[in-house]
Amino acid sequence: MTESQAQTETSSKRRQRMRSVMTLELHSDIAHDYVRSHIPPEPEAKSQPGLVEFSSQVRGVYTDASHNNPYADWTLLKIEEDIKGLRDAIAAARGELKAKIEELGAGNVKAATTGTMHRDQLEFDTPYAHVLGASLREFDELVREAMTAVHVGAIRPRERTAMFQSMTKRLRRVIMTPHHYVRTRITRETVEQVDVAQIEKLESRLGGAIPEAVLTGDRRGEFAPDIVEHPQGIVRS
């Protein structure tokens with residue numbers, strides 16, 4: 001992992017923002033599809049954002065959470081929970097595949113590969129983009145192992161397809177979550193002053209009423225940013 005600099009504009013001055021760079025090396029096309037926006041294989045499907053777009057969107061959520069916005073905190077919690085669910089599902093599937101392959105006495109067969117790997121660099125400045133990138137690598141490993149399981153007869157092709165569909169559904173859910181969030185200047189101190197219709201719109205986009213523990217700040221995500229004080233009327237990036 002290396003460091004790079006990205007410049008951003010404010011209303012009064014030009015400043016530099018540091019970013020890290022993750023290099024993703026993926027064998028499978030299906031995993032690589034989720035690095036950038038792509039069109040799913042379903043009929044009449046629309047373009048879906050990928051990890052690159054997720055990284056950009058989640059930064060805004062992360063910034064708002066640092067300014068004590070409870071809805072930003074709630075969004076980050078949802079992302080963390082969904083990523084954990086994704087990684088747990090991937091780990092469980094990989095464990096099942098390993099057991100089935102070993103039952104056939106094919107444990108010495110290496111996971112399927114391609115002649116040329118996909119290699120992409122992702123700039124990021126929040127833990128969420130990094131953790132999702134790591135999850136995508138794990139999904140790529142699952143794809144390789146599932147292909148091998150089909151090659152040796154441990155599972156049927158339709159089982160592999162169902163497994164991939166289950167995992168990509170989880171991936172899409174994670175990637176889309178920050179896109180459902182709407183940036184506002186709401187804070188825990190001002191939330192009671194916000195118009196009810198605006199709150200209802202936010203909660204509708206995010207999937208229900210915000211939990212009380214999140215609203216009060218008693219519950220925040222593992223990777224949530226520190227809450228910082230800021231002058232009234234500040235323009236946030």
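Me: How many residues does α3 have, and how far does it reach?
Reply: α3 has 34 residues and reaches 50 Å from its first C-alpha to its last, close to the 50 Å expected at 1.5 Å a residue. The expected span is 1.5 Å times one less than the number of residues. Helices (H or I, at least four residues) and strands (E, at least two) are DSSP runs, numbered from the N terminus.

Me: Before I go on, where does the model come from, and how are residues numbered?
Reply: It's a predicted model, where local features need pLDDT of at least 70 and side-chain atom pairs count only at pLDDT 80 or more, while totals for chains, interfaces and linings use all residues. Residues are numbered from 1 along each chain as its sequence is written, and side-chain values use heavy atoms, with hydrogens and water left out.

Me: OK, back to α3. What happens at the start of α3?
Reply: A side-chain oxygen of Asn69 reaches to within 2.9 Å of the backbone nitrogen of Tyr71 there. After α3 comes Gly105, which has a positive phi near 75°.

Me: Which non-glycine residue has a positive phi?
Reply: Asn68 does, with a phi of about 70°. Most residues other than glycine have a negative phi. Asn68 sits in the loop between α2 and α3.

Me: Is Asn68 buried or exposed?
Reply: Asn68 is buried, with a relative accessible area of 11%. Buried means under 20% relative accessible area, exposed means over 50%, and partly exposed is in between (1.4 Å probe, protein chains only).

Me: And how do α2 and α3 sit against each other?
Reply: Their axes come within 8 Å and cross at roughly 135°, which makes α2 oblique to α3. The contact uses Phe54, Val58, Val61, Tyr62, Asp64 and Ala65 of α2, with Ala72, Asp73, Thr75, Leu76 and Ile79 on the α3 side. Contact means heavy atoms within 4.5 Å. Axes are lines fitted to C-alpha atoms, for helices over the stretch in contact, and angles run from 0 to 180 degrees between N-to-C directions. Angles under 35 degrees count as roughly parallel, over 145 as roughly antiparallel, 65 to 115 as roughly perpendicular, and the rest as oblique.

Me: You mentioned Asp73. Buried or exposed?
Reply: Buried, because the relative accessibility of Asp73 is 0%. Asp73 is found in helix α3, and a polar contact of 2.9 Å joins its side chain to that of Arg220. A polar contact is a pair of N or O atoms within 3.5 Å; within protein, one must be able to donate a hydrogen and the other to accept it, and residues adjacent in sequence count only if both atoms are side-chain atoms. Leaving aside neighbours within four places in sequence, Asp73 is in contact with Ala65, Arg188, Val214, Arg220 and Ala224.

Me: New topic: what's α5 like?
Reply: α5 covers residues 157-180, and its 24 residues should span 34 Å at 1.5 Å a residue; the end C-alpha atoms are 34 Å apart, which agrees. Its buried residues include Met163, Phe164, Met167 and Leu171. The buried residues of α5 pack against α1, α2, α3 and α4.

Me: How does α5 run relative to α3?
Reply: The axes of α3 and α5 come within 9 Å and cross at roughly 165°, so α3 is roughly antiparallel to α5. Among the residues that meet are Ile79, Ile83 and Leu86 in α3 and Met163, Met167 and Leu171 in α5.

Me: And α4 with α5?
Reply: α4 and α5 pack at about 175°, with their axes 10 Å apart, and are therefore roughly antiparallel to each other. Leu132, Leu136 and Phe139 of α4 are among the residues making the contact, as are Pro157 and Arg160 of α5.

Me: What about the strands? Where does Asp120 lie?
Reply: Asp120 lies in strand β3, residues 118-124. Asp120 is buried, with a relative accessible area of 10%. Its side chain makes a polar contact with the side chain of His32 at 2.8 Å.

Me: Last one: how many helices and strands are there in the protein?
Reply: Seven helices and three strands, running β-β-α-α-α-β-α-α-α-α from the N terminus on. Of the 237 residues, 43% count as buried.
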